[in-house]
Amino acid sequence: DWTMGAYREEAIKQIREQVGDKKVICGLSGGVDSSVAAVLIHEAIGDQLTCVFVDHGLLRKNEAEEVVTMFRDNYNIPLIHADESELFLGELEGVSDPETKRKTIGRLFIDVFQKYADQIEDAEFLAQGTLYPDVIESVSFSGGPSVTIKSHHNVGGLPEKMGLKLVEPLRELFKDEVRALGHELGLPASFIGRHPFPGPGLAIRCPGEISRDKLDILREADAVYIDQIRKHGLYDEIWQAFAAILPMRTVGVMGDGRTYDYALALRAVTSVDGMTADYYPFSHEFLGETATRIINEVKGVNRVFYDCTSKPPGTIELE
Ligand code: XMP
């Protein structure tokens with residue numbers, strides 16, 4: 001792709017100018033954006049880059065292993081795998097307000113990065129895979145008044161005290177352009193095609209208070225749901241699909257016993273840039289089969305809803 005080839009060259013030049021001979025740390029989330037940012041920056045400055053993958057305990061099933069393996073097998077980028085799940089889950093205990101959750105996670109990310117940055121001599125920059133829609137949406141909602149809908153933990157949240165400057169080479173790009181750039185940089189197609197996953201992770205797919213039990217149930221249910229979508233060949237048609245665990249339990253019957261378990265919401269949307277979205281029109285057969293599989297295979301769930309809300313008025317994530 002000619003355009004992305006030119007963009008790549010220009011971005012590499014700018015990164016070199018900005019960074020000089022200093023060191024950069026880059027937060028890897030496992031998503032496409034931070035991965036593309038990391039590979040691009042590595043092309044520009046080589047081993048002046050260290051990546052930090054923070055496991056906040058809010059990742060999907062097998063996600064940490066998959067991301068670390070992908071990077072260690074395909075790239076020679078120094079990578080720190082930081083298991084900070086006790087810290088994050090501990091601080092989130094008893095927190096149910098969506099913005100408080102986001103701000104808590106954002107603050108802890110900064111603390112953790114600070115900790116690792118302190119261990120790297122001459123680290124002066126923090127790299128992030130911030131995209132153009134992240135920049136806009138954390139300031140105002142398109143077409144509406146200038147209000148914050150959700151505070152993205154990865155935008156503008158760097159307090160002065162952190163003493164690191166930002167490198168954001170994707171700040172002018174939309175998602176489809178980031179994917180084209182990732183392709184240009186040779187990232188595996190299966191990785192580039194992954195659905196977006198938000199920085200605050202499963203925390204915002206567990207409305208209300210988080211618990212380890214709920215997160216475990218959610219991880220299993222989400223894996224079954226995504227497996228269903230892949231088996232039906234629908235993964236690439238959908239912008240983003242995930243399960244959310246609702247803050248309620250309902251009564252059911254299984255075999256000859258009563259159950260009192262959690263309800264799940266399934267979400268799937270099509271979108272171009274995440275700013276607006278349409279719910280995905282699954283067939284009734286698909287929905288019925290998926291609900292049955294989840295309830296049979298995942299202990300702790302006895303009811304499944306499908307979310308038919310588009311954006312607006314809904315947002316993609318539940319919080
Ligand atoms: P919403 O829920 O605002 O989501 O309609 C739009 C897109 O942004 C993702 N999202 C986030 N990504 N940090 C991120 O990196 C965040 O705090 C965050 N919040 C939402 C969401 O998954 C969707 O793709």
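A: A definition to start. Strands are DSSP runs of E, at least two residues long, and helices are runs of H or I, at least four long, numbered from the N terminus. The model here is predicted. With those labels, P312 lies in the segment after β9 (301-306).

Q: What is the peptide bond from K311 to P312, and what is its omega near?

A: Start with the general idea. Most peptide bonds are trans. The bond from K311 to P312 is cis, with omega near -15°. The next bond, from P312 to P313, is also cis, with omega near 10°. P313 sits in the segment after β9.

Q: How do I read phi? What is the value of phi near in N62?

A: Most residues other than glycine have a negative phi. N62 is not a glycine, yet its phi is positive, near 65°. It belongs to the loop between β2 (49-55) and α3 (63-74).

Q: Is N62 buried or exposed?

A: Count C-beta neighbours inside 10 Å. A residue with 12 or fewer is exposed. N62 has 11, so it counts as exposed.

Q: How far apart are G199 and S29 in sequence and in space?

A: They are 170 residues apart in sequence. From C-alpha to C-alpha, the separation is 6.7 Å.

Q: Now helix pairs. At roughly what angle do the axes of α4 and α5 cross?

A: Angles over 145 degrees count as roughly antiparallel. The axes of α4 (residues 85-92) and α5 (residues 98-118) come within 10 Å and cross at roughly 150°. The two helices are therefore roughly antiparallel to each other. The crossing is right-handed.

Q: Which residues make the contact between α4 and α5?

A: L87, F88, E91 and L92 come from α4, while K101, T104, I105 and L108 come from α5. By class, that contact has five nonpolar, one polar and two charged residues.

Q: How are α2 and α7 oriented to each other?

A: The axes of α2 (residues 32-45) and α7 (residues 175-184) come within 10 Å and cross at roughly 45°. The pair is therefore oblique. The crossing is left-handed. V32, D33 and V36 in α2 meet V178, R179, L181 and G182 in α7. The classes are four nonpolar, one polar and two charged residues.

Q: Last, the domains. Where do they run?

A: Domain 1 covers 2-192, and domain 2 covers 211-306. Their centres, taken over C-alpha atoms, are separated by 28 Å. The contact takes nine residues from each of domain 1 and domain 2.

Q: Which helices each supply at least two residues of the side of domain 1 that touches domain 2?

A: α6 (132-137) and α7 do. That side of domain 1 has three nonpolar, one polar and five charged residues.

Key. Residues are numbered from 1 along each chain as its sequence is written. This is a predicted model: local features need pLDDT of at least 70, side-chain atom pairs count only at pLDDT 80 or more; totals for chains, interfaces and linings use all residues. Axes are lines fitted to C-alpha atoms, for helices over the stretch in contact, and angles run from 0 to 180 degrees between N-to-C directions. Angles under 35 degrees count as roughly parallel, over 145 as roughly antiparallel, 65 to 115 as roughly perpendicular and the rest as oblique. A crossing is left-handed if the near helix is turned anticlockwise from the far one by less than a right angle, and right-handed if clockwise. Two residues are in contact if their C-beta atoms, placed from the backbone, lie within 7 Å. Ala, Val, Leu, Ile, Met, Phe, Trp, Tyr, Cys and Pro count as nonpolar, Asp, Glu, Lys and Arg as charged, and the others, Gly among them, as polar. Domain bounds come from an automatic or database domain assignment. A residue is buried if 20 or more other C-beta atoms lie within 10 Å of its own, exposed if 12 or fewer, and partly exposed in between; C-beta atoms are placed from the backbone.
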